[in-house]
Amino acid sequence: MPVESSAAARRHARAGELLAHEEAYAEARRRLGHGQLDAAIAGFRQAEALSTDGEGRHRCLRDRRVAAIWLADDQPVRTHWSAWLRAATRRHPAAVAGEARGLDGPAGELVRLVAELLAGNVVAALALRHGPAGNVVAAPREPAGRPSLDATPAALGLRLLRAALRLAQQPDGWLSTLGVPPADAGLEAALELDRVGAEADAAGMPWLGRMARAARALGPDPDAHADALAVAEECERRGDRWGHVAASAVACLHEHRHGRHDMRRLARLVSDCRDLGAGVLQAWAQAFLALAAAAEGLPDAAAQARAAATLAGSAGVSAGHVAATVALARIERDRRIVLLREAESEATSVGLPASVVRGWAGPASPAPDPVVVVREPPAPPPVAIRCFGGFRMELGGEPVDTGPVRARARTALRLLAMQAGKAVHREVLIEALWPDLTPAAATRNLQVTISALRGLLEPDCERGKSALLVRTGDAYGIALPPDGYADTQAFTAAVQRWHRVRPSGDRPAGVEALRAALSAYGGELLPEDGPAEWVVEARERYRRQATQVASALAAAELAQGNVAEAITAAEHCIGTLDPHDDDAWQVLLRAYPDSGAPAKAAEARRRYREMLASLGVNLSPVPRRRA
């Protein structure tokens, strides 16, 4: 009898432990469903500690890692589809869209659609919108009947985004200038958003249900704006920071479409996106803040536009740079035509329709000699190469698809592109690509590789008459035409220009060169090539130069009284390039008090103390604002 009692006690204890684990896990899932990331992560840790079996602990660990993807500082390996989505919010969404081509199913389609939208490639996004939405009835489920964290959110999110885009194309919708779908498409899109919201709530994802309600503000319904603001407030009240940002962004888009601008809401959106580590969203928020400031004729409009251009460059959002250029066009009336032509040309190269640019530009102000200020955009650069933040090459405005050639040929193309305009000796190419082969075998491989690349880049060119991938003696190189563009070349030229004008004391020219350099530097050089020996030294050299440029720009902007630009450059320096650059920190510690933001000034002092402590530096008094 005592043995039976002991066994029963163990069973009761085991049941109690299992119940405690299930309750903790269910609460963590509920928190995650509301977008409360910190609380969810803590809950998954608690449930993991309470679990008595490996399967339960693995489940908690997996869900905790998925939730942590959306933290500000976490940059996980992309083993889960949402990590790709998160990467698109950080930097270079166009590169993420290309890299995500291998993702299958609704998750892959969702990642590519979001990445293209964040890149400003509306043309590609609208093409992706036409895929079959499908239902979620076949979404995988876990043994206990819970919706999977893998399939259900992706499928519902894809349906939500496609319905939102259809709604946005309705008359007076956010994208109404891009053509109107059938008359009943708007009603069907609104009903689809209702269905998605209901299914998301039923699946334990109220955060997604709230986004379905907020998305209505992208359409023509004027009352939907209030709904988006209500969703933003609810998200903030519940601790859903990402939901608050998304709903606020939708509300701001609605306001912009109808010529209304809430400068405080936009400024807070910029700050919130920065706090989330969402550099791409921050760049877009700053771009719309610049457009709003220009439309309202505010005295800091030019400063906001320059800050938008800087952020767009660092985040790899060319379309955000287009918006910054349009904002400047609204401010500098004497250069309006030239700037709008420039904006439309750049917009065409990234897939942003000219009609969107015209909408941002607004009507031309009355002038003594009224003219039509927006003309057909000129042809894009014949060759455009970007290596900072990820490789991208365009010929005549069309991206080069390197898929048809082998991986080694793609590597050779990136190596040559990194040094566009220069000749690379064949021995350098052989050492980088085939270091273990005999000279004869390596030379044959090089010849085959060059031939394959010429066929890719100039398929109609006769043998021996290549004008793009040329040979000079024993060296090969990409020959840029006079109106071609390579970001490494543009960065180097701007840095050299800065060094030339610095001794003369010409501050405006120096600032202009620094801005150009920082705009060209879109991030780490060819990150897809990892620690390859041929790129590591150049990558580090460019990073050091960019750090020096950002720090010098911050100091120069502050010296000229451009406080907002100084803060933007300094934050970019320590946030993206070198968190320990003391010159940039000193600019921040002086600029924030001058900006009239005491809370930000106190936060900067705290961050500076933490940075010093992380280096083991004995803390001396933090520099104060100069009298």
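Reader: Why is serine 51 called buried?

Author: This is a predicted model, and the label comes from a computed value. Serine 51 has a relative accessibility of 7%. Buried means under 20%, so serine 51 counts as buried.

Reader: Where does serine 51 lie, and which residues is serine 51 in contact with, leaving aside its neighbours within four places in sequence?

Author: Serine 51 sits in the loop between helix 2 (37-50) and helix 3 (54-68). With those neighbours set aside, its contacts are His21, Gly56 and Arg57.

Reader: Let's turn to charged pairs. How do you know that arginine 30 and glutamate 27 form a salt bridge?

Author: Their closest N and O atoms are 2.9 Å apart. The cut-off is 4 Å between a side-chain nitrogen of Lys or Arg and a carboxyl oxygen of Asp or Glu, so arginine 30 and glutamate 27 qualify as a salt bridge.

Reader: Why are arginine 30 and glutamate 27 separated by about one helical turn?

Author: Because they are three residues apart in helix 1 (residues 2-33).

Reader: What makes arginine 30 partly exposed?

Author: Its relative accessible area is 40%.

Reader: Which residue does glutamate 565 meet in a salt bridge?

Author: The side chain of glutamate 565 meets that of arginine 306, at 2.9 Å from N to O. Glutamate 565 lies in helix 25 (residues 563-577) and arginine 306 in helix 15 (residues 301-315), so this pair ties together parts 259 residues apart in sequence.

Reader: Is glutamate 565 buried or exposed?

Author: Buried: its relative accessibility is 5%, and the limit is under 20%. Arginine 306 has 23% and counts as partly exposed.

Reader: What about glutamate 234 and arginine 213: how far apart in the chain are they?

Author: Their side chains meet in a salt bridge, at 2.9 Å from N to O. Glutamate 234 is in helix 11 (residues 224-238) and arginine 213 in helix 10 (residues 206-214), 21 residues apart. Glutamate 234 is buried at 16% relative accessibility, while arginine 213 is partly exposed at 39%.

Reader: How many salt bridges does the structure hold, and which residues are linked in a network?

Author: The structure holds 33 salt bridges. Arg159, Glu188, Glu192, Arg195 and Glu199 are linked in a network of them.

How values were computed: Residues numbered from 1 in each chain as written. Predicted model: local features only at pLDDT ≥ 70, side-chain atom pairs only at ≥ 80, totals over all residues. Heavy atoms only, no water. Helix = DSSP H or I, 4+ residues; strand = E, 2+ residues; numbered from the N terminus. Buried < 20%, exposed > 50% of the residue type's maximum accessible area, 1.4 Å probe, protein only. Contact = heavy atoms within 4.5 Å.
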